[in-house]
Structure formats: C-alpha cells, structure tokens
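Here is a short briefing to read with the model open beside you. Take it topic by topic and follow along on screen.

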Amino acid sequence: MIIRFALAKGRVARKAIELLIDLGYVFEDYSEKSRKLIFTDTTGTIEFFLVKSPDVPTYVEKGAADIGIVGKDVLLEHPAQVYEMLNLNIGKCKMCVAGFDNHPIPYGKKMVVGTKYPVIAKDYFHTKNQLVDIIKINGSVELAPLIGLADCIVDIVESGSTLKENGLSVLAEICEISSRLIVNQVSLKTKREMIDPIIKEFENQL
Amino acid sequence: MLFNYTIDGFENIQHQDYFALQQINHKLMSLYRSFGYHQISTPTFETYDLYVNEDSIPSDDLFKLVNHQGKVLVLKPDATLPVTRMAAMNHPNSQEIIKFSYETNIYRNFSSPEIIKKEITQIGIEYFGNNSPECDGEVIALAIRSLLENGINDVHIDLGHVGFINFLFDDLAFSAKEKSTLFKYIENKNIGDIADYLEKLALPDDKKAIILKLPLLYGEPKTVLKHMEALCINDKMRQVVEKISEIYAHLEVIGLAEYVSFDLGFTNQMNYYSDINFKGYINSCGEPVISGGRYNHLSEKFGIPRPACGFAIDLLKVIDYMEQHQLLPQDDQKIHVLFYENSQKSAAYKIAEQLRSKGSIAEVFLMNDAKEIHVSSLKGNALYKNATLYFLTDGKLLSETDGIFSEIKAIDSESEVA
C-alpha cells in the first residue's frame with residue numbers, strides 16, 4: 001500500500017516537501033526543475049504529485065490522493081468532503097478586502113468587487129448585507145480598482161507590499177489563511193496504520 | 001435533428017450494465033427475502049411539505065414541480081421517509097414488526113459546477129418496530145453481506161452514534177450557531193479550528209478537552225470504547241457506550257465484527273437519525289457506498305410511534321467499482337439466430353419456438369442476401385457477440401462457425417457451444 005500526497009504547486013509545496021524531507025523521506029529524483037509528475041520516496045511507501053491548488057481538494061475528495069496540502073483559501077472557495085486534520089501554520093496570510101484608503105466600503109450602496117475568490121467574497125458581503133457585483137478575475141487582481149474595473153478587491157494579503165506599491169490598502173480583514181493537511185475520508189479509515197504516523201510526524205514538526 | 005438532448009446529471013444505462021444491475025438487484029432481494037424482508041415500492045413524487053418540514057434535505061436540492069391543483073411536488077429525494085410513511089399508513093398497530101426492502105431511484109438537484117449524478121439508484125431495507133441491538137446488528141450485517149455476496153471483500157463499515165455528541169452538547173448550553181459550527185468542525189475532524197473556536201467560548205477547560213477529543217474517536221472498536229467511557233459526563237452518554245458495545249458484541253457473535261470500526265465524529269446530517277448511524281466503504285473507492293442508521297422518532301410524525309433502523313446502497317457506485325475490478329456478472333447466454341428462405345418460414349418459426357420453450361434465446365430473420373453477408377453484418381454488431389448463426393435453405397439446416405457452413409440435423413439448445 002502506498003500513501004499519495006497531492007501538493008499545491010508553488011511556495012507551499014516547497015515547504016511541504018521540506019517537511020517531508022525533514023521527516024526522513026528521501027526523494028532521489030526530485031528537483032525543482034524536474035519535469036516528472038510523480039515522485040516516489042526510496043522506501044516506496046509515499047509518493048507525491050504537484051497540481052494547481054484548486055485541484056488539491058478534488059484529488060483528495062475523490063480518493064486519487066490520500067493526503068493533500070493546500071491553503072485554507074482554496075478549501076473555502078472550493079468546499080470538498082474531506083477531513084481537515086491539521087493546521088500546518090505555513091503559508092500564513094490574510095483574506096482581505098482592499099481598495100483605496102480615501103474610498104472606504106460604501107455600506108448600503110452597491111459596489112463592484114474584483115476577486116479570484118467569488119465564493120468567499122459573496123459569503124462575506126452577504127453576511128454584511130452589502131450589495132455587490134462580483135467580477136471573477138484570474139490574476140493581477142490589484143489592477144482592477146486602478147483602472148476602474150472594480151471599486152475594491154478581495155484577495156489574500158501576505159506582506160501588503162503589492163498593495164502599497166499600487167496605492168491600495170486593506171479596508172477589512174475577512175479571515176486568516178494558512179496551509180491545511182487534508183485527508184480522504186475513506187483513506188483515513190482504511191489506511192489508518194499508515195496515515196496516523198504521518199499525521200503525528202507532521203504534528204510534531206510544527 | 002435533435003441536438004443538445006443530454007441533461008447534466010442524468011445518464012443512460014447500457015445493456016451490459018443493466019444486465020449486471022438486474023442480476024445484483026435479484027441477488028440482493030433474495031438475500032433480504034431470506035431474512036424476511038418484503039419488497040415494496042412508493043411513488044416517484046412526494047409532497048414538498050414532507051421534506052421541508054423534516055429539514056433533512058436542503059430545499060435547494062429538491063426537484064420541484066406544481067401539479068394541476070397548485071400543490072408543490074418533489075421528485076422523491078430519499079427512500080426512508082416515504083417507506084416510513086407507508087409503514088405508518090398501512091400498519092397502524094405500533095407494536096408490529098415490519099420489514100421492508102426496496103429498489104428505487106431518488107433525485108437530488110445538486111448544484112455544482114461539476115457533473116454529479118442527480119438520479120441515484122438505491123437499494124435498501126427498513127426494519128420497523130424493534131429497538132434491540134440485535135435489530136441494529138441484523139441491519140449492519142445485511143449491509144456488509146450485500147457487498148460480500150457480490151464478490152466485494154474490501155468492505156468496511158464505520159459505525160457511529162449521533163447521541164454521544166448530542167447528549168454531551170445538551171449539558172453544555174451552546175447556542176444553535178455555536179453548535180452547528182462545532183458540528184461542522186467535528187465532522188471534518190478539524191481539530192486546529194475547534195481549538196481556536198473553543199478559545200473564544202466561555203467553557204471550563206475540562207469540557208473543552210472532551211470536545212477536542214471527539215474527532216479522534218475513530219478506529220478499532222475496543223480502543224474507541226475505552227476512550228468513550230473516559231469522556232462520559234452524564235448517564236445518557238454512558239447508555240450510548242453500552243448500546244454500541246452491545247451491537248459490536250452481537251456482530252462478534254455472528255462473525256462480522258472484523259468489517260466494523262467506529263467513528264463517533266458523525267454528526268446529524270440527515271436530521272432524522274436519532275441513534276446509531278453508519279457508512280459503508282469499499283477500500284479503494286474514495287466515497288461511501290452505503291449509508292444507514294436508526295431513526296426512532298420519524299414514524300411519530302406520521303402518527304405511529306415506532307422505532308426503526310435501515311440502510312441504503314448507492315447501487316450504481318457499487319457497479320462502477322465492480323466494473324473496474326472485473327466483478328460484474330457477464331451476460332454470456334447464447335443467442336441462436338436463424339435465417340430462413342421464404343419457403344421455409346413455418347419450419348423456421350417452429351424451430352425458434354422450440355428453442356425458446358427450452359429457455360434458449362432464439363431470433364429469426366428472412367434471408368434476403370448471401371449467407372456470407374448476413375454473417376459479416378451480424379458479427380460486427382456488439383449486441384450479437386454471443387450469437388450462433390444458422391441458415392435454413394434448400395431444405396437443409398446449416399450451422400456457421402468461423403465462416404464455414406456445415407449441415408446439422410437439429411439445433412441443440414444446450415450443447416452448441418460457441
């Protein structure tokens with residue numbers, strides 16, 4: 001039996017792979033530039049593959065991967081039937097509403113929101129009873145208010161430097177985001193003797 | 001021409017799959033029958049009110065329509081409610097034992113960007129009027145055996161009890177919102193977020209420690225039972241522990257305990273489950289294929305208080321698994337195809353009728369082309385892969401094998417092996 005990891009490409013995957021290596025697993029053929037898709041450790045007990053972050057919950061929910069490591073932002077935006085076992089406290093940042101300082105959120109009046117996260121944005125403004133039009137943007141979200149496509153944006157903010165460089169600032173914080181270790185609901189039960197130690201090891205690393 | 005005629009979430013079932021479905025269906029129904037269950041059927045439509053008042057299925061997931069009287073109907077989204085109502089209407093004596101089995105399609109209007117099946121074929125049982133651990137044991141045993149009998153050995157049942165968490169929460173005076181947030185976290189085994197959330201609540205530390213242990217109450221039954229005992233803070237919780245240890249002991253007696261583990265982290269998704277609930281998994285299949293439990297207070301709503309327990313299998317998910325693992329029953333019955341010249345018509349129909357009366361499949365066609373052309377056109381058809389071809393021509397009966405025609409005296413319904 002083998003335990004499969006689905007990792008979200010990018011910064012978080014690098015940290016997750018570092019964690020796995022710290023736990024003593026050796027991936028001989030892995031390097032950042034490698035074009036391979038699946039990497040197996042030397043003992044043949046675990047393997048991981050890199051996918052786009054919104055796909056991680058899908059792979060885990062359907063059982064194509066047993067364990068996934070992915071940001072909370074993705075889990076909020078694409079809810080999946082998985083166990084969210086550990087907060088890894090890596091890749092920490094905040095989900096924020098950002099816009100122009102001198103142009104605060106006009107509560108009670110309709111406004112246009114540009115975001116990569118339409119579900120999170122909709123849920124947040126609904127609970128505030130704020131009327132909004134939500135425009136889904138796939139990248140460079142900060143551009144939207146600058147050229148007048150949107151009044152404000154909803155996006156993850158890590159240091160805030162991109163916002164600052166573009167004359168934007170945080171208007172409201174929605175929630176904290178960090179990477180989570182998620183587990184397929186069937187695998188946790190049927191491969192328990194292999195998954196439990198891995199989770200424990202991750203827990204101890206924190 | 002009609003294009004764009006497929007509807008997301010609805011599928012045709014091909015003849016091989018339907019054959020398998022009928023075989024499996026028959027096998028399961030005879031299994032349930034051998035335990036005394038009677039098969040019944042309820043209407044495809046139900047009233048909207050039945051489901052909305054029950055609050056067990058989100059209203060958005062229901063397919064709604066309005067009949068000519070202006071009454072709002074739904075396509076049956078679940079089988080348990082209608083079967084319970086049927087039992088209540090037809091068997092008013094609440095002391096009676098009633099065992100029903102059913103096979104039905106249910107409909108859920110899931111909203112999802114992906115294509116999810118919205119027509120689900122369910123097969124299941126409901127056992128009314130018995131509140132004993134032996135009844136729970138029988139229901140769980142039948143759930144396990146339903147998969148075993150179809151050659152699936154990697155079966156795994158996760159048994160929980162909604163009471164354990166509910167009785168704990170009853171003593172802790174949470175608001176409805178706090179309760180539902182905690183339920184959601186416990187269901188997802190999200191210990192990190194439970195800890196953060198509890199920090200904000202005014203609750204003694206020992207109670208917080210108990211809640212933090214709830215998501216970890218899963219795995220080997222005896223170990224879980226020990227952990228559960230340590231967490232009980234009232235008698236009702238102790239009764240839960242006693243009840244599920246009795247069920248487990250029963251399963252040990254009948255030799256099915258190896259398939260069962262516990263998970264007390266199930267909360268109450270279908271609101272009617274009042275007691276034990278369980279899910280059935282196949283090891284390499286990512287989603288549960290069986291779901292069941294005890295619902296002792298549902299029948300009261302139809303005027304007859306009576307305990308009940310049951311389960312349903314998602315049959316098409318099981319068939320998908322069986323297909324991937326070459327476990328599906330194959331349709332390999334031979335088909336006898338007889339071509340005749342017009343002058344031989346009555347002889348041909350007589351032969352076919354004789355074959356059918358012996359239980360064979362027989363088809364007759366008029367010869368309007370050369371033998372070889374009939375052979376090649378029929379052999380190219382997937383529906384005739386089990387066919388043997390015969391020709392009744394010039395008063396002779398010919399049988400075809402690999403393009404060679406040989407004269408035979410009669411078609412033998414048994415021994416003619418393709």
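Into which domains is chain A divided? Chain A splits into domain 1 (3-91 + 178-205) and domain 2 (93-176), with bounds that come from an automatic or database domain assignment. Please keep in mind that this is a predicted model, in which local features need pLDDT of at least 70 and side-chain atom pairs count only at pLDDT 80 or more, while totals for chains, interfaces and linings use all residues. Residues are numbered from 1 along each chain as its sequence is written, and chains are lettered from A and ligands numbered from 1 in the order in which they are written.

**Chain A and its domains**

- Chain A has eight helices and eleven strands; helices (H or I, at least four residues) and strands (E, at least two) are DSSP runs, numbered from the N terminus.
- Along the principal axes, the C-alpha atoms of chain A fill a box of roughly 60 × 35 × 30 Å.
- Of its 206 residues, 42% count as buried. A residue is buried if 20 or more other C-beta atoms lie within 10 Å of its own, exposed if 12 or fewer, and partly exposed in between, with C-beta atoms placed from the backbone.
- Among the contacts in chain A with a separation of 6 or more, 67% are between residues 24 or more positions apart; two residues are in contact if their C-beta atoms, placed from the backbone, lie within 7 Å.
- The centres of domain 1 and domain 2 of chain A, taken over C-alpha atoms, are separated by 30 Å.
- Five residues from domain 1 of chain A and seven residues from domain 2 of chain A make up the contact.
- On the side of domain 1 of chain A that touches domain 2 of chain A, there are one nonpolar, two polar and two charged residues. Here Ala, Val, Leu, Ile, Met, Phe, Trp, Tyr, Cys and Pro count as nonpolar, Asp, Glu, Lys and Arg as charged, and the others, Gly among them, as polar.

**Where chain A meets chain B**

- Twelve residues from chain A and 16 residues from chain B form this contact.
- On the chain A side, the elements that give two or more residues are β5 (83-87) and α7 (185-190) of chain A.
- β5(A) supplies the largest share of that side, five residues.
- By class, the side of chain A that touches chain B has four nonpolar, four polar and four charged residues.

**The nine-stranded sheet of chain B**

- This open sheet has mixed pairing and the order β1-β5-β6-β12-β11-β10-β7-β9-β8 (chain B); two strands pair if DSSP finds at least two bridges between them.
- At the edges stand β1 (38-39) and β8 (218-219) of chain B, each with a single partner strand, so one side of each has no neighbour in the sheet.
- β8(B) pairs with strand β9 (residues 260-263) of chain B in the antiparallel sense over two bridges, and Gly219(B) stands opposite Phe262(B) in β9(B).
- Strand β6 (residues 119-128) of chain B is mostly covered, with eight of its ten residues buried.
- Ten bridges join strand β5 (residues 98-107) of chain B to β6(B) in the antiparallel sense; Ile106(B) has Ile120(B) as its bridge partner in β6(B).
- β6(B) also pairs antiparallel with β12(B), over seven bridges, where Gly124(B) stands opposite Ala312(B).
- His297(B) lies in the loop between β11 (290-294) and β12 (308-314) of chain B, and this residue is partly exposed because 16 other C-beta atoms lie within 10 Å.
- His297(B) and Tyr272(B) are 25 residues apart along the chain, and their C-alpha atoms are separated by 7.2 Å.

**The three-stranded sheet of chain B**

- Another open sheet has antiparallel pairing and the order β2-β4-β3 (chain B).
- Its edge strands, β2 (45-47) and β3 (64-66) of chain B, each pair on one side only.
- β3(B) runs antiparallel to strand β4 (residues 72-75) of chain B, joined by three bridges, and Lys64(B) has Val74(B) as its bridge partner.

**Helix α9 of chain B**

- In helix α9 (residues 221-231) of chain B, Pro221(B), Val224(B) and Met228(B) are buried.
- These residues lie on the same side of α9(B) because they cover an arc of only 60° around the axis, the arc being that of the directions from the helix axis to the C-beta atoms.
- The buried residues of α9(B) pack against α5 (162-170), β8, α10 (235-253) and β9 of chain B.
- Lys222(B), Lys226(B) and Ala230(B) are exposed on the face turned away from the buried side of α9(B).
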